[in-house]
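Please walk me through this chain, from its overall build down to a few individual residues. I would like to know how each label is assigned along the way.

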Amino acid sequence: MLKFLKLIYGYVIILVRGENLERFLNLCKSRKVYMEKIRYREDGQLMAQMQAADFFRLRPLRNKTGVHIQIIQRRGMPFFFLRNKKRKAFFTGMILGGILIFFLTGRIWNIHIEGNRANSTPEILKFLEDQGVSHGMKKKSLNCSAIAASIREEYPQTAWVSARTE
């Protein structure tokens with residue numbers, strides 16, 4: 001969950017170099033600028049990962065300690081949208097496609113009848129249509145036990161009936 005939130009809010013990986021790295025880290029801690037995955041490199045530099053919003057609070061600390069801060073990587077949703085802001089039609093299509101899939105998954109698209117010998121499949125489909133069960137209807141308005149009971153009442157020679165949604 002935490003990794004998901006980091007991707008939504010965005011984070012940066014920074015490289016800090018200079019003489020006063022310890023003082024810089026102490027000031028960050030006292031000003032509640034949180035960094036994680038802090039690593040010292042062999043050449044006396046410091047790499048860290050932090051939230052994008054906290055990065056903008058580093059300027060006074062940088063000026064006070066005289067360190068140089070360089071952004072190595074930017075990750076997350078804010079940076080993704082900045083890179084792709086000219087692709088409005090793509091994002092509109094993605095949103096409309098998601099809405100369409102959400103709408104269509106709440107419907108019945110196939111009614112399958114098998115194992116009937118005494119009554120024909122079109123006859124049973126016609127009976128179901130008269131009962132209000134048809135292709136494209138909402139799944140929420142479907143009562144499988146009532147459908148099975150009504151088929152048993154209409155066709156008394158039927159030995160076994162099962163109705164389910166999948």
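Predicted model: local features only at pLDDT ≥ 70, side-chain atom pairs only at ≥ 80, totals over all residues.

Which residue follows α7, and is its phi positive or negative? The residue is G132, and its phi is positive, near 100 degrees.

Residues are numbered from 1 along each chain as its sequence is written, and side-chain values use heavy atoms, with hydrogens and water left out.

The chain contains eight helices and four strands. Helices (H or I, at least four residues) and strands (E, at least two) are DSSP runs, numbered from the N terminus. In sequence order the pattern reads α-β-α-β-β-α-α-β-α-α-α-α. The chain is more spread out than a compact globule, because its radius of gyration is 31 Å, well over the 15 Å that the globule rule gives for 166 residues. That radius is taken over C-alpha atoms, and the rule is 2.2 Å times the number of residues to the power 0.38. The C-alpha trace spans about 90 × 35 × 25 Å along its principal axes.

Of the 166 residues, 28% are buried. Buried means under 20% relative accessible area, exposed means over 50%, and partly exposed lies in between (1.4 Å probe, protein chains only). The accessible surface of the chain comes to about 12,700 Å², and 57% of it belongs to carbon and sulfur atoms. Such areas come from the Shrake-Rupley method with a 1.4 Å probe; for residues, only the protein chains shown count as cover. Among contacts (heavy atoms within 4.5 Å) between residues at least 6 apart in sequence, 66% join residues at least 24 apart.

Helix α2 covers residues 21-30, and its buried residues are L21, F24, L25, L27 and C28. Seen down the axis of α2, these residues fall within an arc of 160 degrees, so they line one face of the helix. The arc is that of the directions from the helix axis to the C-beta atoms. Their cover includes β1 (11-17), β2 (35-40), β3 (46-51), α4 (59-65) and β4 (68-75). On the face turned away from the buried side, α2 carries the exposed residues N26, K29 and S30.

Just after α2 comes K32, with a positive phi of about 60 degrees, although K32 is not a glycine. K32 sits in the loop between α2 and β2 and counts as exposed at 53% relative accessibility. K37, in strand β2, also has a positive phi, near 55 degrees, and is a residue other than glycine. K37 counts as exposed at 52% relative accessibility.

R59, in helix α4, counts as exposed at 57% relative accessibility. R59 and G98 are 39 residues apart along the chain, and their C-alpha atoms are separated by 41 Å.

Back at helix α7 (residues 121-130), the buried residues are I124, F127 and L128. They cover an arc of only 100 degrees around the axis, which puts them on the same side of α7. Their cover includes α8 (144-154). The face of α7 turned away from the buried side carries the exposed residues P122, E129 and D130.
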